[in-house]
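Me: Please take a close look at one part of this model for a reader who is new to it. Where does this part sit, and what surrounds it?

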Amino acid sequence: MLAGSTILTGIVVIALLDIISLLLGLLTVSGIIAASIIGLVVFHFGGWRWFVILLVFLIISSLFTKFKYSQKRELGIAQGKKGARSWINVVANGFASAGFAIGKSLLPVETVLLGFIGAVSAAFADTLSTEIGILSKSSPRLITNLKRKVPAGTSGGISVLGELSVLISTAILTLAVWAVDLVSFSLTKILFVTLVSGYAGTTTDSLLGATFQAKYSCEICGRIVESKRHCDKPTQHMAGKRILDNNGVNFIATWIGAITAILFQWVAF
Ligand SMILES: [Zn+2]
């Protein structure tokens with residue numbers, strides 16, 4: 001935990017970032033509130049190094065969400081609200097990180113650090129593989145049946161471009177963790193941890209997306225979508241568990257990323 005003046009610095013920094021996020025349309029108002037709470041928790045319990053890692057994830061993810069946004073919107077697969085993310089999306093991706101920050105004083109330091117890196121790597125990898133993979137020129141294939149081609153944006157669909165995008169998030173996160181001296185591991189070890197947890201997260205996301213995640217059909221455009229509304233109209237439930245939407249899948253994927261990072265440390269090092 002930090003002294004009062006440091007917390008004040010954190011609040012000022014987060015307030016500035018809130019204004020920037022709002023002006024750039026990176027987050028909705030509810031998204032900004034959720035991100036501020038998670039940011040403050042991570043800053044207070046984890047410290048500035050943890051906060052910087054979370055910030056790198058948020059900034060780079062936002063840039064890729066905005067990248068070729070009009071093309072994604074034409075495909076009907078873009079993030080709603082002009083690419084701005086709402087509170088539920090922020091919580092789904094950031095809850096595990098905040099949890100590990102809070103756990104820092106209760107659990108072995110190495111375990112929480114690995115859990116935190118794994119959770120961020122999973123969320124980061126998943127966001128980038130989705131946002132970049134969507135732009136793949138070739139049709140994605142279903143992770144549970146690679147012979148089957150599915151339309152871009154289909155839950156559980158994977159593409160070579162999407163899978164390779166994980167390398168970008170992994171490289172950026174590795175460099176960020178190393179640059180701020182978050183852990184005393186070597187650069188190679190950080191790279192391996194982020195790589196396995198990143199792929200564990202995206203693969204979990206794709207597997208759940210192909211199986212248990214709720215799918216709906218839009219009667220207006222005929223697409224199979226993951227939301228209860230599309231083309232400004234309610235959609236019809238088709239398959240999957242209604243309780244498990246894309247945010248629920250993201251939430252689970254971050255924890256799988258965290259657990260993978262912790263277990264990987266035991267097995268490999
Ligand atoms: Zn539609």
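Reply: A residue is buried under 20% relative accessible area, exposed over 50%, and partly exposed in between (1.4 Å probe, protein chains only). R141 has a relative accessible area of 33%, so R141 is partly exposed. The model is predicted, so local features need pLDDT of at least 70 and side-chain atom pairs pLDDT 80 or more, while totals for chains, interfaces and linings use all residues. Residues are numbered from 1 along each chain as its sequence is written, and side-chain values use heavy atoms, without hydrogens and water.

R141 belongs to strand β1 (a DSSP run of E, at least two residues, numbered from the N terminus), which covers residues 141-142. The open sheet around β1 has 3 strands, arranged as β2-β1-β3 with antiparallel pairing (at least two DSSP bridges between two strands). The edges are held by β2 (145-149) and β3 (157-158); each has a single partner strand, so one side of each lacks a neighbour in the sheet. Between β1 and β3, the antiparallel pairing runs over 2 bridges, and L142 stands opposite G157 in β3.

Beyond its neighbours within four places in sequence, R141 is in contact (heavy atoms within 4.5 Å) with L146, K147, R148, K149, V150, G156, G157 and I158.

Note on methods. Helix = DSSP H or I, 4+ residues; strand = E, 2+ residues; numbered from the N terminus.
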